[in-house]
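Hi everyone, thanks for coming. Please have a look at the chain on the screen, and then I'll walk you through a few of its details.

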Amino acid sequence: MKKTIKSYSSKVLAVALTVAMLLSCMVFSASAAQLSSVVATEQVGNISYAQYSGANANSYVMEFNPGTSGLMPMGYVKNAGWSATLTNQMAAAKADGYDAYGMINGEFFSMASGNHGTLTGRLIANGRILSDHETNNEYSFVIDKDAGFHFVQSQLSYHFYIEGKELGNAVIARINKRYNGEWSYPPLCYFDSACGSKTDTVSGYPGVEVVFNKLHGSELVAEGILEGEVVSVGTNTYGTAFSENQFVLYAHNSSPYAESLAALKAGQKVQIYAEELNDDAKEIMKKANTVMAATYPVVQNGKNCSSMGPMSSIGQLSFTERAQRTAIGVKADGSYVFFVSSGRASLGYGPGAGLTISEVGDAMIELGCVSAVNLDGGGSSTLNLTGTNKYVSENRAVGSVMMIVSRNDATTSPTAKANLNDWIYNANCELAAGTYTGAQKTLVQNAVNNGQAIYNDTNAMTGEFVHSTMAIREAMGLVADIRPKSYITLDADKWSPSDNTLTISNAADGSLVLNAANNWPSASYTCDISAPANAKIFYDITASAQASIVLVGAGGEINLNQYIAPNNLDPTGSGDIYSYGLSFKGSIDVSKLNASGLDISTVRFCTALGGAPSSLVVREFDIRVPYGAGDADGDYEVNSNDARSVLCHISGKTTLSGDAYSAADINGDGKVDTADIRAILNKSVGLG
């Protein structure tokens, strides 16, 4: 965590909860997971602790209510890719300034040689993305800033821009995860102080490592834009050092992105956009304080949901085995339950000892939980209260923890709060000077008001300060507008599926979602189009597995895969896109498609080509000709340059005529004036 976090000495909170012991609120069942008799209870500040003795396992429980206790559940690890016992994790958290009172071990992590501690899923803590990878679209649980608990199917995609222009089809594949060549393609990787003080690359895989300064208080957060400035470019290096307010982008020498990184110069500005691809998860992820993989959800809406099975690539691992278990759950009144149980015959507990994952669900319901998730278990299972291990299975070093912290300044970075205060002041100065008018004035004022409310909130935490700072700067127009816009003109009802069981729909943002989950191989969708020779095809797609995009005409077909994803084609030679979660964005000149004699009339999207269920999300597949509505300079885009061209025409500095004049008259009233400037600017930011 950040070294700027204010340090406080540990203390037992003076105000104790008036809470009945856990035993009094239990409804016993005939389940094998029955908690049975209470062995010990204890009230430590605002945390109720209880130990139970059952036929299959001894259980250990910590319970607290964030709404009445001043405590907060929070994910933590000292450094991504680092592992430590809970005793050492507790010491590290306190050294980082957290008033930490209790802990349980967290999510699953790699125990492979040389990769110990690397999380198999995602970790967000205090709003900041600490560890992730681009194919991660697994189930996660989210704890928001108000300690609300959510299950989401989140998929974050990390886009890299140089001076506002996206680097080809580059998507940052790994966030603070060690690169040691184990992936089938050489990815673009991101490292910052969440993984320590140097990049987590190994000596056998040198590459290009570019160090950037983080600018204007921006951080890597869901649905946020991190801004950076190039400090230095290292070639054929590994393990490059950096400071707390810096990050590094790495590409192995064989990566298709290495050349572009090596060409960067000191002082150049870049942006990284962490896009949430799942519309249903966007708002939840924006407000997330903690996010951790939910490999095995066990309780939803008060019901045991473990029959849904594992929600990740871990598969059926240990699903029905009796073993030590760890879980986190929340009750209807907002109270959190941290649960750990013992048992495993091989460790001397006797035959039948331990709980199955389904029985963990039973136990969490018995404890009153309406939502719960099973975390890593076995030798990882440990519960620590105020620095003492109340239960430890094998004293294993683990890759992350869930901790109970005091929700006060100990979880607030003074630097992040000061940054927010500075930008509230800057924005207010610009508002007072009359810099903004119309819609932008409203945007800036709303961002300032929200930021001021967060600044004044004594319960606000680092992630909220960072998000608010970034939102104010974006409203002020100081951040390049790089978020993908939906230009889709092909509505779902205009598409023709090859099989009437296929599904296709438009998402809330207009994205076209083509789902072939139950239809393979070669499920396809077609739509009539017109693609004249002077047109450009603009695309922005994400494929969950294999896919293909083909233009069809009277004279034959053109496979666009080689243009869209030249470095991510099926290694078997089929020519299909072979991406497994990657996103691709760019444009193609129709005149360069070698379409001699081909009168393009149809586009065909194919999914599940390799036999595996897949889906395709199309945020943009737009065919544009120059001098379309608002495109006064004929560059196929509608942006501030077009507004500038209209302004120069109105002032007499230049003259627009022909197609340029028609394009400038975006409102179609037969004249080019300031009304067209406003309409062009609105369209350029997605408002028209």
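Let's begin with Y98, which is buried, with a relative accessible area of 0%. Buried means under 20% relative accessible area, exposed means over 50%, and partly exposed is in between, using a 1.4 Å probe and protein chains only. Y76 counts as buried too, at 0% relative accessibility.

Before going on, a word on where this comes from. This is a predicted model, where local features need pLDDT of at least 70, side-chain atom pairs count only at pLDDT 80 or more, and totals for chains, interfaces and linings use all residues. Residues are numbered from 1 along each chain as its sequence is written, and side-chain values use heavy atoms, with hydrogens and water left out.

Now, how many aromatic pairs does a search of the whole structure find? It finds 15. Rings of Phe, Tyr and Trp (its six-membered ring) pair if their centres lie within 6.5 Å; planes under 30 degrees apart are stacked, over 60 edge-to-face, and the rest tilted. Y76 and Y98 make an edge-to-face pair, 6.0 Å centre to centre with 70° between the planes. Y76 lies in strand β4 (residues 71–76) and Y98 in the loop between α2 (86–95) and β5 (100–105), so their pair ties together parts that are 22 residues apart in sequence. Helices (H or I, at least four residues) and strands (E, at least two) are DSSP runs, numbered from the N terminus.

Y179 and Y250 are both buried. Their ring centres are 5.4 Å apart and their planes are at 45°, so this pair is tilted. Y179 is in the loop between β11 (165–175) and β12 (188–192), and Y250 is in strand β15 (residues 246–252), so the pair joins parts that are 71 residues apart in sequence. Ring pairs also link F64, Y139, F141, F149, F151, Y336 and F338 into a cluster.

Rings can have charges over them as well (NZ of Lys or CZ of Arg within 6 Å of the ring centre and within 35 degrees of the ring normal). The charged end of K390 sits over the ring of Y49, 5.1 Å from its centre. For R473, the charged end is over the ring of W423, 4.8 Å from its centre.

Finally, the whole chain. Its secondary structure comes to twelve helices and 36 strands. Of its 688 residues, 55% count as buried.
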